[in-house]
Amino acid sequence: LVSLPYAKGTSRGLLDGMPAQRDFSDFGDLSVTLNVNLRGAPSMNTEQFLAFRANPRPLIGASIKLIAPTGSYHPDRLVNVGSNRWTTRFKLGGVMLLKPKLLLELSASAWFFSDNEEFVTGRKEQDPIYAAEASLIKRIRPGLWDSLDFTYYNGGRQTLDGSPLKNSLSNAKLGGTFVVPIRRRHAIKLGYANGVITKYGEDFDQFLVSYSVILK
């Protein structure tokens, strides 16, 4: 999977006590992700997939993601589209069958960051971020399912020009997802997530509504 984001927006704040504004519009950092099935699910046609879904078995997969510092970056500005550093994520996950229609997804991941030597206040370093995720999925009927999701993040303390900050993550979020199929080719997804524990960073209520359709 290759991804190249594009960002357009406006940042507003105070500069030396006076209102300031900056408009930006540019490409972000290029990312490349490789996902590999290690056990349980080879490539399948439609009939094989339907048979597998009716009688699932344990799955194990791995993923590596690399984000390159290709995005727009200005060393004299705090808000940038690009990060001006390399980022790598390693992830290992699996799916276990608890009951015929009850699945448990588990995954663990780690993010590693190179230094940004041109941050606006000097050299920026960041410790690795470790994450664990768990989802309990209930399959009601083909295409109709819901899940209870939990995610925990830890680490990521930053150091600016040799001075460590007190911004280590120790955050957890809890949420749920409900998917309703419509006429086999259409589906509506509803979701909610809440930052139940926030030591630093995101503290939020997030709502999700999406619609998808199979064209072929």
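Trainee: What makes β10 and β11 a pair of strands?
Mentor: In this predicted model, 12 bridges join β10 (residues 129-141) to β11 (residues 144-155), and the two run antiparallel. Two strands pair if DSSP finds at least two bridges between them, so 12 bridges meet that rule. Within this pairing, A134 stands opposite F150 in β11.

Trainee: Which strands stand at the edges of the sheet, and why?
Mentor: The open sheet has 10 strands in the order β1-β4-β5-β6-β7-β10-β11-β14-β15-β16, with antiparallel pairing. β1 (2-3) and β16 (205-213) each have a single partner strand, so one side of each lacks a neighbour in the sheet.

Trainee: Why is β1 (2-3) called a strand?
Mentor: Strands are DSSP runs of E with at least two residues, and helices are runs of H or I with at least four, numbered from the N terminus. The protein chain has 1 helix and 16 strands.

Trainee: What makes a residue count as buried, and how many do?
Mentor: Buried means under 20% relative accessible area, with a 1.4 Å probe and protein chains only. Of the 216 residues, 28% count as buried.

Trainee: What share of contacts joins residues at least 24 apart?
Mentor: A contact means heavy atoms within 4.5 Å. Among contacts between residues at least 6 apart in sequence, 51% join residues at least 24 apart.

Trainee: Which limits apply to the model?
Mentor: Local features need pLDDT of at least 70 and side-chain atom pairs 80 or more, while totals for chains, interfaces and linings use all residues. Residues are numbered from 1 along each chain, and side-chain values use heavy atoms, without hydrogens and water.

Definitions and conventions
Buried means under 20% relative accessible area, exposed over 50%, partly exposed in between (1.4 Å probe, protein chains only).
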